[in-house]
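Visitor: I have a model open on my screen and would like to go through it with you. Could we start with a loop and work inwards from there?

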Amino acid sequence: MAPLFIRFINMLLNDAIFLLDEALQYLVKVKEGQLARDRGDWSDLSNAERQERESNFAADEHMARGNNFLGNETVKALCSLTEEIHEPFVLPSMVDRVVAMLNYFLVQLVGPKMGAVKVKNFEKYNFKPQELVASIVRIYVNLSCKEEFCAAIPRDGRSYSRALFSQARSAMHKICKSDLAVLLSELHEKVKYYDAQRQQKEEAEANAPDEFRDPITDEVMADPVKLPSSGVVVDRPTIERHLLSDQLDPFNRSPLTIDEVVPEDDLKEKIARWRKDMGTGDSEDLQLSD
C-alpha cells in the first residue's frame, strides 16, 4: 500500500475527528446560550456584559456552522472511499483508529449524550444528525466484509458496547433506513463473536511477561521491533500508527522512519511459542513457532 495514500487516509481521519468533535462542543455551547437567553438570564446584565454574551454566542454559532459543514463533508468522503477501498482502513496501523472514531461519534449521536447538542433550528448550524449517523453506519457496513475491522470494534474499550449497536439500529429504523439496520444487525453478530474471542484472549494473556508487552498500549506484541535511537521495543503497528502523524521516536524525540526499526525476531518467536502454549496464537503465530 502506497505510503502517501495511507497518510492521506490518516489525514482524513484526523480531520473528521477534529471537526466533528469541535462541532459537537460548539453545539453544546450554542444550546447553553439558547437556554440562557430564553430564561432571560441576560436581561439583568449591564449593556456591556450583555453585548459580550451576545458576541460570544454569535462566535459559537459561527464555529458550530463551519465545523458541522466541514465535518459532514469529510465523513461523506470517508463513506465514498470505503465503498470501493477497504485495505488501507484495516491495516494494523489504522484499523483501531477507524473503529475508535466510528464508535465514539456513534455514541455521541445515538446515545444519551445526544440531548446535549439538540439545539433549536438544526439547519441554521448545518447540523444534520440523521444524515451523519447514516453515513457513519454506512462506513461500518462498507468495512464489515473485513475480519480485521469486525475484530477491532469490540477492542475499543472507550466507546463500544452491545447497546450501542442496538441504539444505532433503532435510529436507522426511525429515519427509514431499515436496509442499513439489517446490515448493521448482521455486523453486530460478527462483532459479538469477536468480542467473546477477545475476552478469552485477554483473560489468558493477563499475566503475560512484561517483556512481551508493548510499552505504549500494554498489549502483548505480535511483531516486536526495536527503535534504533531509544532502544525501546514496541509492536510494529504501534510505531507505524505513531509515525503517520509524528516522524519522531516517541521516547526520545529523535527523527525516525519505519524503515529504520529493527525486527526482534527472537522475541517474536518467543511470544508466538508462549501464545501457542496459552492457546491464544493465531494461524500466523502457529506457523512461526512450528
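Guide: Gladly, and we can begin with Arg253, which sits in the loop between helix 8 and strand 3 (262–263); please keep in mind throughout that this is a predicted model.

Visitor: What is the phi of Arg253 like?

Guide: The phi of Arg253 is near 65 degrees, a positive value in a residue other than glycine. For background, most residues other than glycine have a negative phi.

Visitor: And is Arg253 buried, exposed or partly exposed?

Guide: Arg253 has a relative accessible area of 45%, so it counts as partly exposed.

Visitor: How do helix 1 and helix 2 pack?

Guide: Helix 1 (residues 3–39) and helix 2 (residues 47–84) pack at an angle of about 145 degrees, and their axes are 7 Å apart. The crossing of helix 1 past helix 2 is left-handed, and by class their contact has 18 nonpolar, seven polar and seven charged residues.

Visitor: I've clicked on Leu19. What does it touch?

Guide: Leu19, which lies in helix 1, touches Asn67, Leu70, Gly71 and Thr74 when residues up to four places away in sequence are not counted. Its relative accessibility is 11%, and because the cut-off for buried is under 20%, Leu19 counts as buried.

Visitor: Now the core. Which residues touch the most other members of the largest one?

Guide: The largest nonpolar core has 65 residues, and those touching the most other members are Leu106, Ile136, Tyr140, Phe149, Ile153 and Leu187. At least two residues of this core come from each of helix 1, helix 2, helix 3 (95–110), helix 4 (129–143), helix 5 (147–152), helix 6 (162–174) and helix 7 (178–204). In soluble globular proteins, nonpolar side chains tend to be buried together.

Visitor: What is Leu106 in contact with?

Guide: Leaving aside neighbours within four places in sequence, Leu106 is in contact with Gly111, Val133, Ile136, Val137, Tyr140, Leu164 and Ala168.

Visitor: Tyr140 keeps turning up. Which aromatic cluster is it in?

Guide: Tyr140 forms one aromatic cluster with Phe149, Tyr160 and Phe165. The whole structure has nine aromatic pairs; in one of them, the rings of Tyr140 and Phe165 have centres 5.4 Å apart and planes at 75 degrees, so that pair is edge-to-face. Since Tyr140 lies in helix 4 and Phe165 in helix 6, the pair ties together parts that are 25 residues apart in sequence. Both Tyr140 and Phe165 are buried.

Key. Residues are numbered from 1 along each chain as its sequence is written. This is a predicted model: local features need pLDDT of at least 70, side-chain atom pairs count only at pLDDT 80 or more; totals for chains, interfaces and linings use all residues. Side-chain values use heavy atoms; hydrogens and water are left out. Axes are lines fitted to C-alpha atoms, for helices over the stretch in contact, and angles run from 0 to 180 degrees between N-to-C directions. Helices (H or I, at least four residues) and strands (E, at least two) are DSSP runs, numbered from the N terminus. A crossing is left-handed if the near helix is turned anticlockwise from the far one by less than a right angle, and right-handed if clockwise. Ala, Val, Leu, Ile, Met, Phe, Trp, Tyr, Cys and Pro count as nonpolar, Asp, Glu, Lys and Arg as charged, and the others, Gly among them, as polar. A nonpolar core is a set of buried Ala, Val, Leu, Ile, Met, Phe, Trp, Tyr and Cys residues joined through side-chain atoms within 4.5 Å. Buried means under 20% relative accessible area, exposed over 50%, partly exposed in between (1.4 Å probe, protein chains only). Contact means heavy atoms within 4.5 Å. Rings of Phe, Tyr and Trp (its six-membered ring) pair if their centres lie within 6.5 Å; planes under 30 degrees apart count as stacked, over 60 as edge-to-face and the rest as tilted.
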